[in-house]
Amino acid sequence: MHRALRHSRLAEHLAGLFDATDQDVLAEIEAHAEWLTLAGGETLFHRGDPGDAAYVIISGRLRILDGARAVNEAGAGETLGEMALLSGEPRSATVLAVRDSLLARLPSAAFNRLVHDHPSILRHIAGILVRRLRSATASPARMRAGMRTLAVLAVDGSAATAAFTRRLVAALEAHGATLHLDAAAVDRALGRAGSAACADGDEGSVPLVEWLNEQELRHRFVVYEAAANARWVERALRQADHVLLVAAAGAKALDRELVGRPRSAHAPRASLVVVRPAHAERPAGTARLLDACRVDAHYHVAMDSGADFARLARCLAGAGVGLVLGGGGARGFAHLGVLRALAEAGVPVDWVGGTSIGAIIAALVAQDVPHDEAAARCRRHFRELRDPTLPLVALLAGRRIRARLEDAFGEVAIEDLPLPYLCVSTNLTRAAQAVHERGPVVRAVRASISVPGILPPMRLDADLHVDGGLVNNLPIDVMVAKPEIGAVIAVDVGGEQDMAAPPGFEPELSGWQVLWNRLAKRARPPTMMSVITRSSFVASIHWARERHTAEQASLYLRIPVADLRLLAFERIDDIAARGYDATREAIGRWWAGRG
C-alpha cells in the first residue's frame with residue numbers, strides 16, 4: 001500500500017509541476033525515478049558538487065543554504081537540482097533535510113534522455129525556474145512556511161498538551177485534512193503496544209516509519225502530540241516541519257533539556273506558544289520565556305478563544321494576514337477608518353506592523369483593541385502633541401508625546417502583546433533600518449515617530465534612533481518576509497506627490513512677511529515642521545518606488561490625503577472617515593474574492 005501510494009503521489013506532483021497531460025511522459029519519468037530517504041540533518045548535496053540528478057520531494061522538508069545562511073525551504077511537491085542539470089555547472093547551494101524526508105531522484109542520464117525525447121518538458125521546467133526567480137526577487141529574505149507536519153511539545157513540565165492539541169487540530173481543519181497522532185493512536189493503528197516508541201533498528205521501526213509517511217501523504221497536516229515517552233517525543237520531533245513549544249503564561253521554569261536542544265542549520269522552524277487559561281489577564285514575562293527557548297516566533301493563545309486558535313492555525317499554515325500601516329503625520333489617522341472597514345468585512349489581522357504614526361496605530365491593533373476603542377484612544381491621547389522648546393536639538397521637547405504614549409500603552413512589552421507586532425525606526429548611529437519586535441512598546445514607538453528636527457532622537461542601547469520613515473515608511477518587505485504571512489494588506493498615507501509650491505513662492509523669505517500672509521489668509525509657504533516631516537519620507541518613498549515594494553502587497557491601499565496637513569492632529573475623526581470611505585469597497589471586494 002505504501003509503495004503504491006508514494007507512486008501515486010509522485011504522479012500527482014509530476015502532473016502539477018509539468019502540467020503534463022501525456023501519460024506516457026509521466027510513466028517514463030516514474031519508471032526512471034529512484035527512491036531516496038534522508039534522515040533529518042542529512043545532506044542531499046553540497047555546494048560545488050556535480051549536478052548528477054534532479055529531485056522531486058514526496059514528503060518531508062529540505063533547506064537551501066548559501067554558506068551558513070538559510071535562503072529558502074522546499075516541501076512536498078517541489079523540485080530541486082534541475083538548474084545544475086540544465087547548466088552543466090556545479091551545485092550553487094547546499095541542501096539538507098530539515099526532517100526525515102522521502103524524495104524521487106531522477107539521474108542525469110534519464111533526465112537528459114527525457115528532455116531529448118520530450119522537448120516540451122523544458123518549457124515547463126523553465127516556467128518553474130522563472131517563478132522561483134520571481135519569488136526570490138520579490139522577497140529575497142522570505143522562507144515559505146508550507147508546514148505539513150507539526151510537533152506539539154510542552155516545555156513547562158505540564159502534561160496539558162492534549163487539550164491544546166485537540167483545539168489546534170480543529171482549527172487546522174479549516175486549511176485541509178488534519179490528523180492528530182499521539183503515541184496511543186499509533187499503537188492502536190499498528191496493532192501493537194509500544195509501536196510508537198520503536199527505536200531505529202528495532203523490529204517494528206520500518207513499519208512505523210512507512211505508516212507515518214503514509215499518513216503524511218494522505219493528509220494536508222499531521223499534528224504529533226509529543227508526549228508520553230522519550231522515544232516517541234524524539235520520533236515526533238524528527239517528523240516535524242515545525243515544532244511548537246507550549247508553555248503556560250507565567251511559567252516559572254522551563255524544562256532545560258527540552259528548550260536547550262541545539263538549533264543547528266537543519267533544525268525545523270520552532271515557535272513558542274504562551275497559553276493562558278480562560279478569562280485570564282494579559283500575559284507578562286514572555287521575554288523571559290523567549291530568552292530560554294530560542295525560537296523563530298511566538299504567539300499568545302487563550303484556551304477559550306476560538307479566534308486565537310484560528311489565528312495560530314493560519315500562521316502555521318502560512319496563510320496569516322499581515323497588516324502594514326505607513327507613516328504620514330496626522331494623515332495616519334486614516335488608518336483608523338481602514339481598521340473599521342477591515343472589521344466590517346470580517347478580515348482577520350494576524351500580524352501587524354508600521355512606521356511612525358503607523359507604528360502607533362499598529363500597536364493599538366496588536367493590543368487587540370477594537371477599531372472604535374482605538375479611535376477613542378487616539379482622540380484621548382494624540383489630539384495635541386506639541387510642546388515647543390528652545391530648538392537646539394529639536395523643535396519639540398518630547399515630554400508630552402512620551403507621557404501620551406505611556407498613557408496609551410503603559411509598561412507593556414512587545415513580547416506580551418496579544419498579536420505579533422513590529423515597527424521600524426532609523427538607526428542614525430549605524431545608518432541602517434531597525435526592526436523592533438521585542439522590548440517596551442513605548443520605547444519602540446517613540447523611536448519610530450522621532451522625526452529629525454521635530455522630536456529629539458531616541459536612545460536605544462548606545463545608538464540613536466529617529467523616524468523609520470527615512471528608510472522604510474511602509475515596511476511591506478519586512479512583513480512579506482515572514483513565512484507565516486500569506487497575504488499582506490498595506491495602507492499608504494505618505495503620498496508620492498505632496499506640498500506643491502504656492503504661487504509667487506520665492507527662495508528668499510521674510511519671516512515677518514510670512515506671518516503677515518498667514519494673518520491675512522493669503523497664499524503662504526509650507527511651515528518648517530511640515531517641510532521637515534515631508535522631507536523625512538522622501539528617500540523612503542523613492543526607495544519603495546525603485547524596489548516596487550507596493551507590488552509585494554496582496555492588497556495595496558493608497559489613501560487620498562494630499563490635501564490634508566501633515567500636522568492636522570486635531571482632525572482625527574475627519575481623517576479617519578476619509579480612510580474608511582476610501583477603502584471600504586476595495587477591502588470588501590478583495591476579501592470576498594479570496595473566497
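In this account, contact means heavy atoms within 4.5 Å. The model is a predicted one.

The description may begin with an open sheet of 6 strands, paired in parallel and arranged in the order E10-E11-E9-E12-E13-E14. Its edges are formed by strand E10 (178–181) and strand E14 (297–302); each has a single partner strand, so one side of each is left without a neighbour in the sheet. From one strand to the next, the twist averages 25°.

Within this sheet, strand E9 (residues 149–154) runs parallel to strand E12 (residues 242–248), and 5 bridges join the two. Val-152 stands opposite Leu-244 in E12. Helix H9 (residues 230–239) lies across E9, E10, strand E11 (221–225) and E12, and its direction is at about 140° to E9.

The next topic is a pair of helices. Two packed helices are described by the angle between their axes and the distance between the axes. Helix H13 (residues 334–345) packs with helix H15 (residues 371–381) at an angle of about 170°, and their axes are 9 Å apart. Angles over 145 degrees count as roughly antiparallel, and H13 is therefore roughly antiparallel to H15. The crossing in which H13 passes H15 is left-handed.

On the side of H13, the contact is made by Leu-336, Leu-339, Arg-340 and Ala-343, while H15 contributes His-371, Ala-374, Ala-375 and Cys-378. Of the residues in this contact of H13 with H15, 6 are nonpolar, 1 is polar and 1 is charged.

How values were computed. Residues are numbered from 1 along each chain as its sequence is written. This is a predicted model: local features need pLDDT of at least 70, side-chain atom pairs count only at pLDDT 80 or more; totals for chains, interfaces and linings use all residues. Side-chain values use heavy atoms; hydrogens and water are left out. Axes are lines fitted to C-alpha atoms, for helices over the stretch in contact, and angles run from 0 to 180 degrees between N-to-C directions. Helices (H or I, at least four residues) and strands (E, at least two) are DSSP runs, numbered from the N terminus. Angles under 35 degrees count as roughly parallel, over 145 as roughly antiparallel, 65 to 115 as roughly perpendicular and the rest as oblique. A crossing is left-handed if the near helix is turned anticlockwise from the far one by less than a right angle, and right-handed if clockwise. Ala, Val, Leu, Ile, Met, Phe, Trp, Tyr, Cys and Pro count as nonpolar, Asp, Glu, Lys and Arg as charged, and the others, Gly among them, as polar. Two strands pair if DSSP finds at least two bridges between them.
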